[in-house]
Amino acid sequence: MLEEVEHCLEKSETAEYERRFLNGIIREVKPEKVLEVGISAGGSSIIILNAIKDIEGAELYSIDRNTQYYSNPGKKAGYLVEKFIPDYMNKWKLYTGAVSAKYLEEIGGGIDLCLLDTVHYPPGELLDILMSLPFMKKDGIIIIHDINFNNFKDKEKGIACNYLFSVIKAEKLLPKTWKWLPYPNIGALQINEQTLKYIDDIFFALSINWVYMPTEEDIEYNKKLISKYYGEEKKDKLDLIYQYNKKAFELKKWTTKELKKMKKKKKRRN
């Protein structure tokens, strides 16, 4: 079935085995409500829409922080869907311009399957999964792409997906075959009783140094959902982590600025 849309995936950022893994799980699970967080050009959206096209009532809800395709700002996020499979767009609802926390209550619960494929840098997917979990079915499946991103792109900073897949408590599913790496670059989690029981593990993982800072608006959306679905204690914990990283970023900017001044003074002396 995947072969029907392979010609559409010129801008796909997934390897063949990753595409087959995503397609295979969808065809086995037959989800009626699918959430996708992070859409890029829309390659994965095409795979999902094609895989659910014969499932009655099935819909895909896609969210992206960017309104434009990050690699080509002249094109809209998810533009490949309209370009290649416009007939499937009646099963697709697209939300762009803000973090998932802004849209999830509108999308609602009962999500059977979720694909997380966003920033890969902390806080990234560690925050994304906390936002998504309250809206998943109890035995829902979450697929995470780039769980080995740090092993072939940015070894020191691109660790969000690896950390998340390592610490979360759930039934973990991996492809049977892959190449090059000791572990595959995509994996799935089936939620169980342990997932929410040990949710604090994800909050603890969030305390690693953040590589980028969400906007004040974005973090407020996140804190609002955390407060509503996890409680005030967890919201306060997220706020402490955020404030710590915010100060660290401010200090880093100050230090960089001072170093530049010192270099300029040294050049003048020479």
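A polar contact is taken as a pair of N or O atoms within 3.5 Å; within protein, one must be able to donate a hydrogen and the other to accept it, and residues adjacent in sequence count only if both atoms are side-chain atoms. The model is predicted, so local features need pLDDT of at least 70 and side-chain atom pairs count only at pLDDT 80 or more, while totals for chains, interfaces and linings use all residues. Residues are numbered from 1 along each chain as its sequence is written, and side-chain values use heavy atoms, with hydrogens and water left out.

The side chain of Lys223 makes a polar contact with the side chain of Asp239, at 2.9 Å. Lys223 belongs to helix α9, residues 216-230. Helices (H or I, at least four residues) and strands (E, at least two) are DSSP runs, numbered from the N terminus. Lys223 is buried, with a relative accessible area of 12%. Buried denotes under 20% relative accessible area, exposed over 50%, and partly exposed in between (1.4 Å probe, protein chains only). Beyond its neighbours within four places in sequence, Lys223 is in contact (heavy atoms within 4.5 Å) with Lys235, Leu238 and Asp239.

Helix α6 spans residues 160-167; Ala160, Cys161, Leu164 and Phe165 are buried there. These buried residues fall within an arc of 120 degrees seen down the axis, so they line one face of α6. The arc is that of the directions from the helix axis to the C-beta atoms. Their cover includes helices α5 (124-132) and α8 (200-205), together with strands β6 (111-116), β7 (136-145), β8 (171-173) and β9 (186-190).

Cys161 has a relative accessible area of 1%. A search of the whole structure finds zero disulfides, defined as pairs of cysteine sulfur atoms within 2.5 Å. For Cys161, the nearest cysteine sulfur is that of Cys114, 12 Å away.

The largest nonpolar core holds 47 residues; Leu35, Ile129, Leu130 and Ile142 touch the most other members. Its largest share, five residues, comes from α5. A nonpolar core is a set of buried Ala, Val, Leu, Ile, Met, Phe, Trp, Tyr and Cys residues joined through side-chain atoms within 4.5 Å. Contacts of Ile129, leaving aside neighbours within four places in sequence, are Leu116, Ile142, Leu164, Ile168, Leu189, Ile202 and Tyr230. A second, separate core of 32 residues includes Phe21, Ile48, Ile55 and Val81.

Phe21 is among the buried residues of α1. These buried residues pack against α2 (43-51), β6, β7, β8 and β9. Lys30 follows α1 and has a positive phi, near 55 degrees.
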